Amino acid sequence: MFESSLLESSNENAPVLNGTHWLISLGIAVAVFLAGYFILPMVSANETKVIATQSAIVAVVLGGFALILCYVLADCKKHGFNRAVWFIIVLLLNLVGFIFYLIYSAAKTGDWQRATLPLAYIFEVMIVGVMILVPLIYTEALPKAQLMTFLAAPPPPPPPPPPAAAAPPPKIFHRVTVEDVMRAPTVIPKTIAQVKDTEPPPSVGVVGGVPGGIPGGEMGGVMGGVIGSLASAAPPPPPPPKPQAPKRIRVGGQVESAKLIFQPKPEYPPLAKMARIQGTVRLDAVISKDGTIQDLKVLSGHPLLVKAALDAVARWRYQPTMLNGDAVEVATEIDVNFTLSE
């Protein structure tokens, strides 16, 4: 660095630094790098690449400082300056002390070129070194999050929810009213059957009987009395009909939940799990006499969770509901909960 400012034509202006000085500086730099590479992991939690970079930076700085000290000692010996004083000044003030020495030696020898050129080189190296070392030292200041947003592609939008199930067509019930029953016929019959009344059979009695007496005389009276007594005796009333159980009753979902005998859990839809969707699907169901589920209808719930709830509840089995000793159908509401586990 300093040899370009010295003339090699005379022994007095020979280069100050020789091969020994360069070897000493290089050995110090290597020793500092190895010491930092193996010692820093004991006191620092940084990665290996970061430790190697820090050790290399310190090794270059200390190797250059050792080369400056060698230059000061060799130049002081050459010009007869006090080597101990200038060694201590440069050692304590570092680069500032070396600049003072260059100005002092140029003033003593009258050769200002030996001071101006090294100073220009020093400032240039300092500017370039700052521009290179600052990003290497302060790696955390780089906009990592912003760079990742630029490089990483955004996730694709979730697919649209499936269309809702088509509602069944409404059932049309025709009610028969009294007006329909009393309405005149729309077609007149071609022939009308004639109905003739038959005469009652003649009563049997005894000739010369008492007017207003019992038909049939004495025997007729006896027989008539027996028959009349039997006819007058009213038959016993029939037993009251057994109340028939209604075909279907409605109870709450909490009542029927205790009578479940087979309840497979619904499978959580993958699409709903990715979209972090959870909630309750409410169904209106009819439990048949044998305990199977029939006529499932959706009352409320998220469209992504409805199909899984219908498939699971359709396989549920209940204990038959008994009313007055007869099995009946039960209309109830069933809630199916979908909850994401953390």
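How are helices H2 and H3 oriented to each other: roughly parallel or roughly antiparallel? The model examined here is predicted, with local features requiring pLDDT of at least 70 and side-chain atom pairs counting only at pLDDT 80 or more, while totals for chains, interfaces and linings use all residues. Residues are numbered from 1 along each chain as its sequence is written, and side-chain values use heavy atoms, without hydrogens and water.

Helix H2 (residues 48-79) packs with H3 at an angle of about 160°, their axes being 9 Å apart, and H2 and H3 are therefore roughly antiparallel to each other (angles over 145 degrees count as roughly antiparallel, under 35 as roughly parallel, 65 to 115 as roughly perpendicular and the rest as oblique). The contact (heavy atoms within 4.5 Å) involves residues including Phe65, Ile68 and Leu69 of H2 and Trp86, Phe87 and Val90 of H3.

Across the whole structure, a search finds 8 aromatic pairs, for which ring centres of Phe, Tyr and Trp (its six-membered ring) must lie within 6.5 Å, with planes under 30 degrees apart counting as stacked, over 60 as edge-to-face and the rest as tilted. Trp86 and Tyr104 form a tilted pair, at 5.0 Å centre to centre and 40° between the planes, which links helix H3 (residues 83-93) with helix H4 (residues 95-109) across 18 residues. Trp86 is buried at 13% relative accessible area, whereas Tyr104, at 30%, is partly exposed (buried means under 20%, exposed over 50%, partly exposed in between, with a 1.4 Å probe and protein chains only). Ring pairs join Trp86 and Tyr104 with Phe81 and Tyr101 in a cluster.

Notes. Helices (H or I, at least four residues) and strands (E, at least two) are DSSP runs, numbered from the N terminus. Axes are lines fitted to C-alpha atoms, for helices over the stretch in contact, and angles run from 0 to 180 degrees between N-to-C directions.
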